[in-house]
Amino acid sequence: MTETSLLSNATTIYVGFGSNMWKQQVKTRCRTAAYLGIARLPGYRWFIAAQGGANIAPGSGDDDDEVWGLAYSLQPEDEAELDVIERVPTHFTKNIIQAQLWEPMAADGAPADPARTGRLVGALVYISHERTATGKPRDEYVVRMNHAIADALSSGVPPSYVENVLRKWIPDGAQVGQIVG
């Protein structure tokens, strides 16, 4: 499938790498958003900022620097809604960065296969370039992230990424009281 068959000229490819990997949250926030597949942002690292939510920053140049997320198509009104939620430009800025996109293996929503080569796309991400100090996740954010992690895994995000990156910051639901940052 080509990009033009997935998206009209008015849409934006957006990659949610934090709680916006939770498909229901995105659907609630962005009524016309459509799930496109899983995405990888090479050259970035994921962390919990001191304010208690997810952020990404350029990595140190290691081959391991990568952030995985879920990609959605956004209509302009959805993007405007996310701008408000992400508090652009006060807390986050909008960035278009190169991402690899893997679409689901079948129309029935079978998970994408990251062992194949993903196609390169320009994707919108929300990044705070100033809020780079690390911290602990807010309790409510842990709850939302656990929904997001479940959706990410069922969509094809590599389990090794979840265990080696996300779970360093986000305890599973049974361990919410035992947060280690």
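Me: Where does Glu-86 lie?

Reply: Glu-86 lies in the loop between helix H3 (76-85) and strand E6 (93-102), where helices (H or I, at least four residues) and strands (E, at least two) are DSSP runs numbered from the N terminus. This is a predicted model, in which local features need pLDDT of at least 70, side-chain atom pairs count only at pLDDT 80 or more, and totals for chains, interfaces and linings use all residues. Residues are numbered from 1 along each chain as its sequence is written, and side-chain values use heavy atoms, with hydrogens and water left out.

Me: Which UniProt annotation covers Glu-86?

Reply: An unreviewed UniProt entry gives "active site" for Glu-86; UniProt positions are in the numbering used here, feature names are shortened, and annotations may be inferred rather than shown by experiment.

Me: OK, and is Glu-86 buried or exposed?

Reply: Glu-86 is buried, with a relative accessible area of 15%, given that buried means under 20%, exposed over 50% and partly exposed in between (1.4 Å probe, protein chains only).

Me: What does Glu-86 touch?

Reply: Leaving aside residues up to four places away in sequence, Glu-86 touches Tyr-14, Asn-20, Arg-29, His-91, Phe-92 and Tyr-126, a contact being heavy atoms within 4.5 Å.

Me: Switching to pockets, what volume does the largest pocket have?

Reply: The largest pocket has a volume of about 430 Å³. On a 1 Å grid over the protein atoms alone, a pocket is an open set of points with protein on both sides within 12 Å along at least five of seven lines, and lining residues have an atom within 4 Å of a point. Grid points are joined across faces, edges and corners, and a volume is the space filled by probe spheres set on the points.

Me: Which lining residues are closest to its centre?

Reply: Of the 22 residues that line the largest pocket, the closest to its centre are Gly-53, Ala-54, Glu-86, Phe-92 and Tyr-141, while strand E4 (54-58) and H4 are the elements that give two or more residues to that lining.

Me: Where is Arg-144, then?

Reply: Arg-144 is in helix H4 (residues 139-155), and Arg-144 is buried, with a relative accessible area of 16%. Apart from residues up to four places away in sequence, Arg-144 touches Ser-19, Trp-22, Gln-25, Arg-29 and Arg-138.

Me: And which element gives the most to the lining of the second largest pocket?

Reply: The second largest pocket, with a volume of about 310 Å³, takes 6 lining residues from H5, which gives the most.

How values were computed
On a 1 Å grid over the protein atoms alone, a cavity is a set of points where a 1.4 Å probe fits but cannot get out, and a pocket is an open set with protein on both sides within 12 Å along at least five of seven lines; lining residues have an atom within 4 Å of a point.
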